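The following paragraphs lead through a predicted model of two chains, with attention to how its elements pack. Please keep the sequence and the coordinates at hand while reading.

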Amino acid sequence: MPDNSLPVIKQKEQYAKMVKQSMPKARVGRNIFWAFVVGGLICLLGQFILNFYQALGLGASEAGAATSATLVFLAAFLTGLGVYDEVSRFGGAGGIVPITGFANSMVAPAMEYRAEGLVFGVGARLFAVAGPVLVWGTVTAWAAGVLYFIFR
Amino acid sequence: MQFFWAFVIGGVICVIGQLLIDLTSYKFTPAHVLVTFVSAGVVISALGLYQPLVNLAGAGATVPLTGFGHLLAQGAINGVKQHGLLGAFSGGISAAAAGITAAVVFGYLAALTFRPRG
C-alpha cells in the first residue's frame, strides 16, 4: 500500500511502481519462439499440400490457389471444432499471420453472433476482420496497378 | 531444402507479427496485424521484392497474409499489362478469387455447422 504519510505526488509514484510490478510480464522471448514454431509449421504444412497438388499436375498458380483453399477449409473446420483457438492461444501471431488465421478471423465471430441471424449475424460478422483486410488489400493493390500504369 | 526454407521464412514472417503485437501499444490487435501484412505484402510485391522470397521459400512466403497481398499486387499489375487501366480494377481480386471464395464459402458453412463452445 502507498505510504499515507508521504506527499500525494510520492504516493502516486509508489502506486505506479506497484502497478508495474503486479502487471503480467510480457513474455516476449517465449512468444517469439512459439510464433516462429507454429507459423513455420503451418507454412510447412502448406508446402506439403502445394507439392501434393503440383505432383497431381497442377500449374504453379493453380496449385497455389488449391493450397490456399485447402488451408482455409482446414482452418474453418478446426475453428468450428474449437481447436484453432488453441493454436492461436499457443502460437500468437504464428496462428494469426498465415491464411489459416485469416479464415479463423472470419469463422470465429460468425459463429459467435449466429443468434443475430443469417444476415446480420453470420453474414455480416464473417467480414468483421476480413472486411478491413479486403478493403486495405484491394485499395493498395489498385494503387499499385495505377502507379504501374502511370510510370511503366 | 524447400521445406526448410518454407518453415524458416514462414516462421520469421510470423515473428514480425508477434513483435508488432508485443512491442507496440495494446491497441495493435490481430485485425491490425492482418491488415498491416496484406498492405505490406502489396507494397513489397509491387517493388518487385516479394517474388524472390516466393522463389526461395515457396509456401513459407505464400501462406502468410503478405502472400495474399503479393497475389493482389501482381494481379493488378498483370491486369494493367494486359488490359490497361481497367486491369488495375479487375486484376487484383481476380488473382485472389479462389482464396476469397474459399474463405467465404467454407467460413459460412463452418459458422452454420458448428456451435461455439462454452
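The crossing of α2(A) and α3(A) is right-handed. Helix α2 of chain A covers residues 28-55 and helix α3 of chain A covers residues 60-81; their axes come within 9 Å and cross at roughly 130°.

The buried residues of α3(A) are A:Gly64, A:Ala65, A:Thr67, A:Ser68, A:Ala69, A:Leu71, A:Val72, A:Ala75, A:Ala76, A:Thr79 and A:Gly80. Within chain A, these buried residues pack against α2, α4 (83-91) and α6, and in chain B against α4 and α6. After α3(A) comes A:Gly82, with a positive phi near 85°.

Which residues of α8(A) are buried? They are A:Ala130, A:Val133, A:Leu134, A:Trp136, A:Gly137, A:Thr140, A:Ala141, A:Trp142, A:Ala144, A:Gly145 and A:Tyr148. An α-helix has 3.6 residues a turn, so residues three or four places apart point the same way. The packing partners of the buried residues of α8(A) are α6 (99-112) of chain A and, from chain B, α2, α5 and α6.

A:Ser5 lies in the segment before α1 (8-22) of chain A. Is A:Ser5 buried or exposed? A:Ser5 counts as exposed, because it has 7 C-beta neighbours inside 10 Å, and the limit for an exposed residue is 12 or fewer. The C-alpha atoms of A:Ser5 and A:Thr79 are separated by 55 Å, the two residues being 74 apart along the chain. A:Thr79 belongs to the buried residues of α3(A).

The partner chain can now be considered. Chain B holds six helices and zero strands, in the order α-α-α-α-α-α along the sequence. Its C-alpha atoms fill a box of roughly 50 × 35 × 35 Å, taken along the principal axes. Of its 118 residues, 52% count as buried. Among contacts in chain B between residues at least 6 apart in sequence, 58% join residues at least 24 apart.

The contact between the chains takes 65 residues from chain B and 62 residues from chain A. On the chain B side, α1 (2-23), α2 (30-46), α4 (59-62), α5 (65-83) and α6 (86-113) each supply at least two residues. How many residues does α6(B) give to the side of chain B that touches chain A? It gives 18 residues, the largest share. By class, that side of chain B divides into 44 nonpolar, 19 polar and two charged residues.

Two helix pairs illustrate the contact between the chains. Two packed helices are described by the angle between their axes and the distance between the axes. The axes of α2(A) and α1(B) come within 6 Å and cross at roughly 140°; the two helices are therefore oblique to each other. This crossing is right-handed, and its contact has 16 nonpolar, nine polar and one charged residues.

The second pair is formed by α6(A) and α6(B), whose axes come within 9 Å and cross at roughly 35°. Here too, α6(A) passes α6(B) in a right-handed crossing. From α6(A), A:Ile99, A:Phe102, A:Ala103, A:Met106, A:Val107, A:Ala110 and A:Met111 meet B:Gly99, B:Ala103, B:Phe106, B:Gly107, B:Ala110 and B:Ala111 of α6(B). The residues in this contact of α6(A) with α6(B) are eleven nonpolar and two polar, with no charged residues.

Technical notes
Residues are numbered from 1 along each chain as its sequence is written. Chains are lettered from A and ligands numbered from 1 in the order in which they are written. This is a predicted model: local features need pLDDT of at least 70, side-chain atom pairs count only at pLDDT 80 or more; totals for chains, interfaces and linings use all residues. Axes are lines fitted to C-alpha atoms, for helices over the stretch in contact, and angles run from 0 to 180 degrees between N-to-C directions. Helices (H or I, at least four residues) and strands (E, at least two) are DSSP runs, numbered from the N terminus. A crossing is left-handed if the near helix is turned anticlockwise from the far one by less than a right angle, and right-handed if clockwise. Two residues are in contact if their C-beta atoms, placed from the backbone, lie within 7 Å. Ala, Val, Leu, Ile, Met, Phe, Trp, Tyr, Cys and Pro count as nonpolar, Asp, Glu, Lys and Arg as charged, and the others, Gly among them, as polar. A residue is buried if 20 or more other C-beta atoms lie within 10 Å of its own, exposed if 12 or fewer, and partly exposed in between; C-beta atoms are placed from the backbone. Angles under 35 degrees count as roughly parallel, over 145 as roughly antiparallel, 65 to 115 as roughly perpendicular and the rest as oblique.
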